[in-house]
Amino acid sequence: MANIIKRPGWHIPEKLVTPESLYWNRRSFLKQMGFLGAGILSSTMIGCSKPVSESGGSGSGVTTGAVQSAKSDSSKYPAPRNPEFNPGWPLTNEKTAATYNNFYEFSTVKDRVHKLTDKFVTSPWPIQIGGLIEKPMKVDVQEMIEMMTLEERVYRFRCVEAWAMIVPWTGFPLKKLLDKIAPKSGARFVRFETFNRPDQAPGIARLSDYPWPYTEGLRLEEAMNPLTMVVTGIYGKPLPKQHGAPIRIIVPWKYGYKSIKSIVKIDLVETQPATLWETLAPSEYPFESNVNPAVPHPRWSQATERMIDSGDLVKTEPFNGYGKYVENLYKKV
Ligand SMILES: Nc1nc2c(c(=O)[nH]1)N[C@H]1C(S)=C(S)[C@@H](COP(=O)(O)O)O[C@H]1N2
Ligand SMILES: [Mo]
C-alpha cells in the first residue's frame, strides 16, 4: 500500500471533469422514469432517452444532451427520520463506524479502508438498470437521488464476523425504484454489481483471485420488502467513500455482506445470481444469509455480537431483530 498518492484536498483529479458522453441530463432522466409525457420532450430530445439495451455495453443508449454540472445534493441532508425506524437506541459513534469498514476493493484491514479511497471517483456515477424490466435505463446517481424522497432510518447492522453497529442510514426503499422500472413477470431475483476499477481501488489487484466485481443478489420478494433500502447517506450526510459512496443497498435482517456498496449495475434476472461470497465459500456465505444466532458459522458462533464502539457483547436476534417485518418471507408451506 506504499504507492498511494496523497493529494492535497484542493487538488481536483482530472477524472472529476465530467466527460459529456457520460452525462444524463435531468430531463432525460425524468422521461426515463416516466415523469414526463413523451410529447413534451420529443421536439428537443429525440433520441436522447433511448433505453439502454440489455446487452449494450457502457456507452450505448447514453444521452448526449446538455451537460449539467453535478448538483450538490447537500440540500437533501439531513433527511427527516422515519418515526417507524427511530427506536431510541444509542447510535454507534460516527467516527468509529467510518474507520472500521469491510470494503475489500480497498483493503481487508478495516481501519485502513478509509485511508485508501483518495483515488476513488464517485461523481459522475452512472448506474445501469436492466434485465427483465419494462424500462431499462442508465442514470446518474445524482439524478436518481433528486427524484426520490429521502428519509432517514436507524437500523441495526450485523456483520457475519459477529460485530454490530446501530446507525442512521439515509435513502429510500428499493421497492420505490423497482416499481418505477417495472419488473417483467419472469423476473425472480435482483442482481447488484459494484464498480471494478483496479486503478482506483488497490484491494482489487491484491486479491487477484477474487471473482470481481463484487456482486450480490436478493429474491425479488426480499428486494421488495419495505425494509430493504437504497442508501445514499449515513449520519445525515452523503455516504463517505468507505461506507459505499455514492449508493449502496442495506438489508438489515441479513449479514452485512449482502449490503453491497458502490453499485454501478442493477439487473432483474430469472435465476439466482452468483454472488462474490457464495462463489468463494458457499458453505460459509450462502445466498440467503439471514441473521440467525442458532446457526453457527462453520468457524465461529453467531450467538452474540460485539458493538464496535463500546465493545459490549449483545445477544444476536433472529433476523437481526426484524422478524416481524420479514419472517413471512421464509415461512415454509
Ligand atoms: N462492494 C462491496 N460491498 C460490501 C463489502 C465489500 O467488501 N465490497 N463488504 C460487505 C461487508 S462484509 C460488510 S460487513 C459491510 C460493511 O459496511 P460498512 O463498512 O459501511 O459498515 O459492507 C458490505 N458490502
Ligand atoms: Mo461483513
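Helices (H or I, at least four residues) and strands (E, at least two) are DSSP runs, numbered from the N terminus. The structure is a predicted model, in which local features need pLDDT of at least 70 and side-chain atom pairs count only at pLDDT 80 or more, while totals for chains, interfaces and linings use all residues. Residues are numbered from 1 along each chain as its sequence is written, chains are lettered from A and ligands numbered from 1 in the order in which they are written, and side-chain values use heavy atoms, with hydrogens and water left out.

Helix α5 (residues 174-181) holds both Asp 179 and Lys 175, 4 residues apart, about one turn of the helix. The two form a salt bridge, with the closest N and O atoms 2.9 Å apart. A salt bridge is a side-chain nitrogen of Lys or Arg within 4 Å of a carboxyl oxygen of Asp or Glu. Asp 179 is partly exposed, at 43% relative accessible area. Lys 175 is also partly exposed, at 34%. Buried means under 20% relative accessible area, exposed over 50%, and partly exposed in between (1.4 Å probe, protein chains only).

The structure holds 14 salt bridges. One of them joins the side chains of Arg 158 and Glu 305 (3.1 Å, N to O). This pair links distant parts of the chain, 147 residues apart: Arg 158 is in strand β3 (residues 151-158) and Glu 305 in strand β11 (residues 304-307). Both Arg 158 and Glu 305 are buried. Another salt bridge pairs Glu 193 with Arg 191, the closest N and O atoms being 2.9 Å apart. Glu 193 is buried, with a relative accessible area of 15%. Shared partners join Arg 156, Arg 158, Glu 305 and Glu 317 into one network of salt bridges.

Arg 197 lies in the loop between β5 (189-194) and α6 (202-206). Arg 197 is buried yet has no salt bridge. The nearest side chain of opposite charge, Asp 199, is 6.4 Å away. For charge, Lys and Arg count as positive and Asp and Glu as negative; His and the chain ends are not counted. Leaving aside neighbours within four places in sequence, Arg 197 is in contact (heavy atoms within 4.5 Å) with Phe 120, Val 121, Trp 125, Ile 204 and Val 264.

Ligand 1 has 19 residues around it (a heavy atom within 4 Å). Tyr 104, Glu 105, His 243, Arg 248 and Lys 261 come nearest. An oxygen atom of ligand 1 is 2.9 Å from a side-chain N or O atom of Asn 101. A nitrogen atom of ligand 1 lies 3.1 Å from a backbone N or O atom of Asn 102. For the side chain of His 243, an N or O atom is 2.7 Å from a ligand 1 oxygen atom. Taken alone, ligand 1 exposes 530 Å², and the protein buries 98% of that.

Val 167, in strand β4 (residues 163-173), is buried at 0% relative accessibility. Val 154 is 13 residues away in sequence and 5.5 Å away in space, C-alpha to C-alpha.

A cis peptide bond joins Ser 123 and Pro 124, with omega about 0 degrees. Another joins Trp 212 and Pro 213, with omega about -5 degrees. Tyr 235 is not a glycine, yet has a positive phi of about 50 degrees. Tyr 235 is found in the loop between β7 (229-234) and β8 (237-238).

Terms used:
A polar contact is a pair of N or O atoms within 3.5 Å; within protein, one must be able to donate a hydrogen and the other to accept it, and residues adjacent in sequence count only if both atoms are side-chain atoms. Accessible areas come from the Shrake-Rupley method with a 1.4 Å probe; for residues, only the protein chains shown count as cover.
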